[in-house]
Amino acid sequence: MNTLSTQKQLITFDDKVVRQFMWASIIWGIVGMLVGVLIASQLNFHQLNVTPWLSFGRLRPLHTNAVIFAFVGNMMFAGIYYSTQRLCKARMASDLLSKIHFWGWQAIILSAAITLPLGFTRGQEYAELIWPINIAVALIWVVFAVNFFWTLAKRNEPSLYVALWFYIATIITVAMLYIDNHLSIPTSWTHSYTLFSGVQNALVQWWYGHNAVAFFLTTPILGIMYYFLPKAVERPVYSYRLSIVHFWSLVFIYIWAGPHHLLNTSLPKWLQMLGMFFSLMLWAPSWGGMLNGLLTLRGAWDKLRTDPVVKFFIAGVTFYGMSTFEGPLLSIRAVNALSHYSDWTIGHVHAGALGWNGMMAAGMFYWLTPRLYGTKLHSVPMANFHFWISIFGILLYVASMWVSGIMQGLMLNSTNAAGTALTYPNFIETLTAIRPMMGFRIIGGSMYLVGMGLMLYNLVVTARSGKAVNESREVNVIQRGSVDNMGVKTTFLGDPVTYFFGGLFLFMGWIFLPKGADITALFCALGFIFLAVKKFAASHHSWSQWYERLLENWLPFSLLTFIAVALGGLIQIIPTVMVNRAKNMEDRIQQVYTPLELTGRDIYVSEGCYNCHSQMIRTMLPDVLRYGDYSRMGESIYDHPFQWGSKRTGPDLAREGGKYPHSWHYNHMMDPRSTSVGSNMPTFSHLFTEKFDQKTLPKKIAAMVQLGVPYPPMTDVEIKEDAIKQGISIVETLKADKLVASPDTKIVALIAYLQKLGKYDTPEVEEKLKNAPGGPKLIPGPGNPDKQRPAESE
Amino acid sequence: MFRSVIYETWLDWVPYVAFGITAAVFITFVIRAIALKKESMDHMARLPLDD
């Protein structure tokens, strides 16, 4: 079908926005990595936590957000703006929207760089930014989406190349995930409580968190790989067929894998299993994509020796393969029992961020800059040096984190032969053991940072030797109406979609319907599949035609992509969100925080304590021996946000309440080394003088009530009085130990919170079980802080 | 119902569901990819090089 008219048009691409995003990416990347090196150093030298706003807990979110959203985000936008215009043979639809996108995104990053060190956070990883910034992110993302889809609509190339599919999936999925995970009730301009709590919050957070990796750090970069790698090696992608399988299987499967971040926790087992199995299935599409990238170099392997761009791309794709092999491996429950909460995970994410994202970014920038400035690269040897120092830096970093993670995991999980006592009961012992590895990480990270600095210098000199150019090209204008003409009926009521979703619907009936009806649904699903196969055999040409038309119709394609990514999330999340209520719990229920404890919790979140301390005792013997009875789902049901954490640089705090006297916490916060010799925790001396916020406390309680937390009716005055009264009681206890504090200071609120951790109401059933003959026995074992631990708990 | 959603392990069928969905997606798109006409495939593959 000839969809091109004879009319030609000269178009000039908007390459200015590409240049802007590229420089922003490099500069923010250096800032983000510099913060990374600083916080890595803080883990070894606690003295580097010089001020509250430069402390590890506040800077770590700045590092992750800067690398993800500023470095990779800007890089992704540069790549998307450059390739989309070429693949669509059209200038971006609106220069104004491009400008709003660029400057809006930089303003968001700047706001994050200011607010995070000040301690304004939502307390969820990679979702820390406060609600006004969340709204700005959503709006700017919509601006980007409108500009992108508008460009697709006015394109002069009928077919949508596979890179554009990946961009479409990125735009749609990130919007869906970001909005869902950031739903909050504001209590002030800088604070809000997430709509979800406990296990449902954990599930939604890691649905978002995992897919931020999938759809922010992976799919757009895969699109960039499918465009820029063929350009760099001057030959088409190895197998376009493989890219089709790669795309669809990746977007269908990736979205289901989020629960692998919550293995062995109180998340329902069926969700853990789904997360694990889908993660394992990801091996196939990920490696399909990697091989497709590597084999694109067929017949041009000599370029790997001579061209730094190709070196960076091939190393990036290889790291993609390594990371996507390691990810599913870490998702196996038994492996995860060792790796989770340890540096192994840190090594894994850095193989992805530095190896996959960083190397792809460098390759793309070295390729782009000479073209964007109409000149040649200033220094190829310097680019080669950048490559090698980066490679060695990454390998040193990742290898040291592997060793550190596996070593600490083994130490923490080690018990005596009978499984009744821990081999290393003192947590600090395991931390001391990995310190040398943490030192190597600083060296590896610094090497990578030096490489980034060299790239900045090399590219700045390159740019200065040329002049900014916007490429012009004569294109054939597309006949309007010859593409993008697939109506709703053709898209959704055709045989392929009807049979696919009909079968899926019946299949879901088998899962969710009561006994009897489920079997009927299963048989109906099988019958439907049989009919679909029969229909396909009879008219496969029309099915093929439907799909080929889909590739020339951006709107139906985008809608079907949305359905593909939404399905997995909905099936996993809706049941948990619907039933995660106190009235449905058949186990322990968390005690509601008093106003002072809630304030203390906000301080805990604000200081970023969750970056080093988990609050989730896993259903594993070593965890139970070390920290006490395993955590139940109902024990965090009022936690907005949940604080299960993902890394244990310090011990778990789920049952910290009542474990030590107030004075211990007082001394620990003033000087952690005074109570825990060898600790790398920062001092929190500012908490002893800073007053907690009494003014917004009633609003916070009101928000909690709105979220379903059963607070008794209290006036504003009663709320504040209650907080001060509890503060006075803590101060009195401290006085007995000759310690001084004011009842309205942050330290008092924090102590109140820490002493509440692990407090729950015991349902009658559990009480009866405890007292019944032959009921669970109590083990007062050594190193077991929870003396009430039943023997069966493991 | 709540009990089955929250507490029951459902381990018996979860692996089959995961495998079933994955296999269905793979098979569908492998068939689709194989059925793609060579001219159409070559045209698509060369789009980035079409300067």
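Predicted model: local features only at pLDDT ≥ 70, side-chain atom pairs only at ≥ 80, totals over all residues.
**Confidence**
- The mean pLDDT of chain A is 90, and 94% of its residues reach 70 or more.
- Residues 775–794 of chain A have pLDDT below 50. In the model, this stretch has 46 contacts beyond near neighbours in sequence. Two residues are in contact if their C-beta atoms, placed from the backbone, lie within 7 Å.

**Overall build of chain A**
- Chain A holds 29 helices and six strands. Helices (H or I, at least four residues) and strands (E, at least two) are DSSP runs, numbered from the N terminus.
- Chain A is as compact as a globular protein of its length, because its radius of gyration is 28 Å, close to the 28 Å that the globule rule gives for 794 residues. The radius is taken over C-alpha atoms, and the rule is 2.2 Å times the number of residues to the power 0.38.
- The C-alpha trace of chain A spans about 90 × 70 × 55 Å along its principal axes.
- Of the contacts in chain A with a separation of 6 or more, 82% join residues 24 or more positions apart.
- Of the 794 residues of chain A, 52% count as buried. A residue is buried if 20 or more other C-beta atoms lie within 10 Å of its own, exposed if 12 or fewer, and partly exposed in between, with C-beta atoms placed from the backbone.

**Domains and core**
- Chain A is divided into domain 1 (333–412 + 444–478), domain 2 (487–551) and domain 3 (589–761). These bounds come from an automatic or database domain assignment.
- The C-alpha centres of domains 1 and 3 of chain A lie 40 Å apart.
- The largest nonpolar core has 219 residues, and Phe365(A) and Leu750(A) touch the most other members. Such a core is a set of buried Ala, Val, Leu, Ile, Met, Phe, Trp, Tyr and Cys residues joined through C-beta atoms within 7 Å.
- Helix α2 (residues 56–88) of chain A gives the largest share of this core, 18 residues.
- Domain 1 and domain 3 of chain A both give residues to this core, so the core lies between them.

**Helix α28 of chain A**
- Helix α28 (residues 746–756) of chain A is largely enclosed by the rest of the structure, because 11 of its 11 residues are buried.
- Leu750(A) is one of those buried residues. Leu750(A) touches Gly600(A), Ile603(A), Tyr604(A), Met669(A) and Leu687(A), not counting residues up to four places away in sequence.
- The buried residues of α28(A) pack against α22 (595–606), α24 (662–670) and α27 (716–736) of chain A.
- Gly758(A) follows α28(A), and the phi of Gly758(A) is positive, near 90 degrees.

**Where chain A meets chain B**
- Here 33 residues of chain A are in contact with 30 residues of chain B.
- α8(A) gives eight residues, the largest share of the side of chain A that touches chain B.

How values were computed: Residues numbered from 1 in each chain as written. Chains lettered and ligands numbered in written order. pLDDT = per-residue confidence, 0-100.
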